[in-house]
Amino acid sequence: MEYKKIIITQRGGKEKLKLIKEPKENLYKNLNKKEAIIKILASGVAYADIMMREGTYPGHPPYPFTPGYDIIGIIEEISENKENIKKGDIVAALTVTGGYSEYIVLPIEKLIPIPNVDLNNQMELAKLVSMVLNYITAYQMLFRIKKLNQEDYILIHGGGGGVGTALLQLTHHYDFKNVFTTISRRKSEIISKYNAKPIYYQEESFVDYCKKHKIKMDLILDPIGGWHFLESYKVLNRNGTLVLYGTYNFLKEGTIKSMLGVPLTYLRNLFDFNKKVIFYLIGQKRFGGYESIKNDYKILLELFKNKKIDPLVEILPFSEKNVQEAHQRLQNGEVLGKIVLIFDH
Ligand SMILES: NC(=O)c1ccc[n+]([C@@H]2O[C@H](COP(=O)([O-])OP(=O)(O)OC[C@H]3O[C@@H](n4cnc5c(N)ncnc54)[C@H](OP(=O)(O)O)[C@@H]3O)[C@@H](O)[C@H]2O)c1
């Protein structure tokens, strides 16, 4: 028996994403103690996957490799049963790579059990997987970096994106009163639902907007990168925190300009002890490592089950053509929320 997976053959465009087949018995032969074989049900397509394909994601594995940052699936085989994890359970995991595949082998300690999943509800599967990378990132940047007050001014850059929509839903649910988001007009339909004030960045610079309205931000969440970080710093309040968490502009601005944005922003902050600049990366020890990922996913799951959050997703059946299309659309900024690959089961 064989199973299918996508590999990035070498650095380059979407055509470097190729479907290959591997013997399934290899999974069983190589299964180590403390590992499980997961049959994947849904796999998220992340901006980081595109950066890995383009060769701009620091520390990505050598080519060829299978991308895919987050998954949910069924445990098909497990080397040892744990109290709350056994064969047949549905689990989520942050994989970083390896998700665009019908099967993946993962350490048991990385598996997050999800009870009561309707396997025939593809939208539910997609929403559950989209809460792994995007919603945990959003949740941790709001609650694991600084203590916020309800009245604090919060600026969410890229409000129409995967993490951006998660941030909008969470700030709405937790009732933050002064939320602003930079967003393109084409994605503005979501704004009215979430109580955030839009700044149409393609029409007006957010720095001008803040000056005009005489506002400074207590928390800024910036995934855009490069010079954009320095622009964000300009509208940071005394005692404010600027969180740098992505380099979306890597592909547009080029590596050097994007890379320089981070040290220059830290430099800018060197003599201002009241303001903070922080780089957030999911899974880092200082934000609680993988234990906090498990913990925060459970919180998000509760919110989802109680209909307090509702991830925006588009689904595509797993195939080479669809994976290439998903990369193209995400790279063009056309996706509102997250694209998820759905597998046959
Ligand atoms: N540090 C971490 O742990 C972590 C975790 C998750 C993601 N990330 C990173 O965060 C970034 C965003 O990820 P994502 O999944 O949310 O990507 P995404 O879904 O592609 O969203 C990014 C959004 O930014 C918008 N945008 C582009 N240029 C902009 C600008 N100048 N100002 C404001 N908005 C702009 C785009 O929409 P429009 O073009 O329509 O405006 C797009 O909706 C990526 O670099 C990703 O790697 C980091």
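**Close-up 1. Packing of helix 7 against helix 9 in the predicted model.** The axes of helix 7 (residues 227–234) and helix 9 (residues 255–268) come within 7 Å of each other and cross at roughly 30°. Angles under 35 degrees count as roughly parallel, so helix 7 is roughly parallel to helix 9. Helix 7 contributes Trp227, His228, Phe229, Leu230 and Tyr233 to the contact, and helix 9 contributes Lys257, Gly261, Val262, Leu264, Thr265 and Arg268. By class, the residues of this contact are 6 nonpolar, 3 polar and 2 charged.

**Close-up 2. Crossing of helix 2 and helix 11.** The axis of helix 2 comes within 10 Å of the axis of helix 11 (residues 320–331), and the two cross at roughly 100°. Because angles of 65 to 115 degrees count as roughly perpendicular, helix 2 is roughly perpendicular to helix 11. On the helix 2 side the contact is made by Tyr47, Ile50 and Arg53; on the helix 11 side it is made by His327, Leu330 and Gln331. The residues of the contact of helix 2 with helix 11 divide into 3 nonpolar, 2 polar and 1 charged.

**Close-up 3. Contact between domain 1 and domain 2.** The domain assignment of the protein chain gives domain 1 as two segments, 2–132 and 312–342, and domain 2 as 146–279. Taken over C-alpha atoms, the centres of domain 1 and domain 2 are 29 Å apart. In the contact, 8 residues of domain 1 meet 9 residues of domain 2. Helix 2 (residues 47–54) gives the most to the side of domain 1 that touches domain 2, with 3 residues. That side of domain 1 has 4 nonpolar, 2 polar and 2 charged residues.

**Close-up 4. Residues around the ligand.** There are 31 residues around the ligand, and Gly158, Gly161, Gly162, Gly246 and Gly333 come nearest. The elements that give two or more residues to this shell are helix 2, helix 3 (122–143), helix 4 (162–173) and strand 9 (178–183). By class, the shell around the ligand holds 16 nonpolar, 13 polar and 2 charged residues. Both domain 1 (2–132 + 312–342) and domain 2 (146–279) take part, with at least three residues of the shell drawn from each.

Note on methods: Residues numbered from 1 in each chain as written. Predicted model: local features only at pLDDT ≥ 70, side-chain atom pairs only at ≥ 80, totals over all residues. Domains from an automatic or database assignment. Contact = placed C-beta atoms within 7 Å. Helix = DSSP H or I, 4+ residues; strand = E, 2+ residues; numbered from the N terminus. Nonpolar A, V, L, I, M, F, W, Y, C, P; charged D, E, K, R; others polar. Near = placed C-beta within 6 Å. Axes fitted to C-alpha atoms, helices over the stretch in contact; angles between N-to-C directions. Parallel < 35°, antiparallel > 145°, perpendicular 65-115°, else oblique.
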